[in-house]
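Work through the exercises below with the structure open beside you. Try each task before you read its solution.

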Amino acid sequence: MVFRSLRWQLQVWHALLLVVVLAGFGATACQLQRASRFREIDRELDSAGLEILRFIRENDPARGRPPGPPPRRPRTGPGRESAGRAPIWYVAWGRDGLELDRTADAPADVKPPAASIDGSQRRSVHRTRGQFREASFTTPPGEVVVVGRSIEADLADFSRFAVGLTAAGLAVLAAALAIGAWLAGRAMRPLQQIGASARRIAAGSHSDRIETAGLPEELASLATVLNEGFAQIEETLVRQRQFTADASHELRTPVSVVLAQTQAALARPRQEAEYRNALEACQRSAQRMRRLVESLLTLARLESGEEPLHLQPVDLNQLAAESTEAVQPLALGAGLVLRFESSASPVPVRVDPDRLGQVLLNLLGNAVAYNRPGGSITVSAGTSGAEAFVRVSDTGIGIAPEHLPRLFERFYRVDDSRSNPRGHTGLGLAISQQILLQHGGRITVESEPGQGSVFTAWLNRSAA
Ligand code: ADP
């Protein structure tokens, strides 16, 4: 919807802001103009008023002067019609409230201001009454004079000024909106480019990236974050594809063996021993497939979090001793020396002992499988800072540094020839890592080709 577009929202806010600013500016300008003109008029009325007051004082019988006929107009001010200005009129009232004098053009409805009748008012008081601006004065004895003039022309001037200002404001608004629309369009263009690139990548060009060169700084960092996300998605997709290919490959070998064995056995009548051999080969392949499928299932359950941990306090030292004990026959069979170096004190951890036992059996199984004739394996447990660890060191074939970063990936094998030792599916380390991650732990490896490897499982230490 167009009103949900960022560009339109920017435009609307921009327009509203402009209208408020321009209206505020216009209203203030009108107000100032009006106040300044009124001040000018008031000054004009004040000076005329003072003249009239002087005139009244000079002709006041109460002050001992003969009551001659009052001049109808003072010398200046009232009645004067200077260029472009309205004539000034006045009306004077005596102390008794009776009208003393008035110019002919004074409006009939002028009345003395209520407050000035009591003579308490010293200074002029200004007011606007319809089309007139008036100033009223009170003499100390109590005469009241109202001086005024028409402000019709001034009000018309104000209206013209306001109309002119509104027209100018509308022109500025239109220009600012046009510039705003152009700027918003320009600002949105990189976002549209980012959107187009993202759509292209989502549609299948997974190796494409958003071009960050030339983007404004804020958008460049957004594009970089998106690119990192796309790289991760691509990596995940590649890994998934690789995983599917690897899993299929792993299963294809035993299936091929079963097919080849059965075909050969069924090709012609055979001796009982030959059938037995064929069936045994099929059994081995089936067992291999079962191990593979079980490992894959375990991994899938661990990754999806379906398999809950049954955590309990465990002495890691004792668990390591038991696992070593369990692998001892295998090590002896392979002609290896398997040693357990017990820690001085218990190593308390809170783990699922079955799962952690599986990790230790994986590590020990590898240490046997990838050892050299007459080699040795050492198992130890202990603590380091807030962590507890169990370590399996072997004197085996070792692992070249370039393989170490990928060692815990599913199906990753160092030699890449699929002739791995029996029972080894290429998933052992991936499962071990997943189990340790589930426990909030980690697994590390140090290795030197020809010298041996050290695998360490790290866990959070718990209170003894
Ligand atoms: P696998 O089931 O093949 O042993 P793992 O995930 O347990 O799979 O191990 C992955 C690969 O890491 C192995 O194929 C092997 O090449 C290498 N590896 C694991 N443990 C050791 C070790 N102790 N010494 C040398 N190489 C090892």
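The exercises that follow use a predicted model and look at a pocket and a ligand.

**Exercise 1.** Find the largest pocket and say how much space lies in it.

*Solution.* Step one: take the volume. About 1000 Å³ of space lies in the largest pocket. Step two: locate its centre. Asn362, Asn366, Tyr370, His424 and Gly428 lie nearest to that point, out of 40 lining residues.

**Exercise 2.** Which elements give two or more residues to the lining of the largest pocket?

*Solution.* Step one: list the helices. They are α4 (272-304), α6 (353-369) and α7 (428-438). Step three: look for the largest share. Helix α6 supplies it, with nine residues. Step four: check the domains. Domain 2 (217-304) and domain 3 (312-463) each give at least three residues to the lining.

**Exercise 3.** Sort the lining of the largest pocket by class.

*Solution.* Count each class in turn. There are 19 nonpolar residues, 14 polar ones and seven charged ones.

**Exercise 4.** Describe the surroundings of the ligand and its distances to side chains.

*Solution.* Step one: find the neighbours. The ligand is surrounded by 18 residues, and Asn366, Tyr370, His424, Gly426 and Leu429 are the closest. Step two: take the ligand's oxygen. One such atom lies 2.8 Å from a side-chain N or O atom of asparagine 366. Step three: turn to nitrogen. A ligand nitrogen is 2.9 Å from a side-chain N or O atom of aspartate 394. For serine 453, the distance from a ligand nitrogen to a side-chain N or O atom is 3.5 Å. Step four: compare areas. The ligand alone exposes 530 Å², and the protein buries 97% of that.

Terms used
Residues are numbered from 1 along each chain as its sequence is written. This is a predicted model: local features need pLDDT of at least 70, side-chain atom pairs count only at pLDDT 80 or more; totals for chains, interfaces and linings use all residues. Side-chain values use heavy atoms; hydrogens and water are left out. On a 1 Å grid over the protein atoms alone, a cavity is a set of points where a 1.4 Å probe fits but cannot get out, and a pocket is an open set with protein on both sides within 12 Å along at least five of seven lines; lining residues have an atom within 4 Å of a point. Grid points are joined across faces, edges and corners, and a volume is the space filled by probe spheres set on the points. Helices (H or I, at least four residues) and strands (E, at least two) are DSSP runs, numbered from the N terminus. Ala, Val, Leu, Ile, Met, Phe, Trp, Tyr, Cys and Pro count as nonpolar, Asp, Glu, Lys and Arg as charged, and the others, Gly among them, as polar. Domain bounds come from an automatic or database domain assignment. A residue is near a molecule or strand if one of its heavy atoms lies within 4 Å of it. A polar contact is a pair of N or O atoms within 3.5 Å; within protein, one must be able to donate a hydrogen and the other to accept it, and residues adjacent in sequence count only if both atoms are side-chain atoms. Accessible areas come from the Shrake-Rupley method with a 1.4 Å probe; for residues, only the protein chains shown count as cover.
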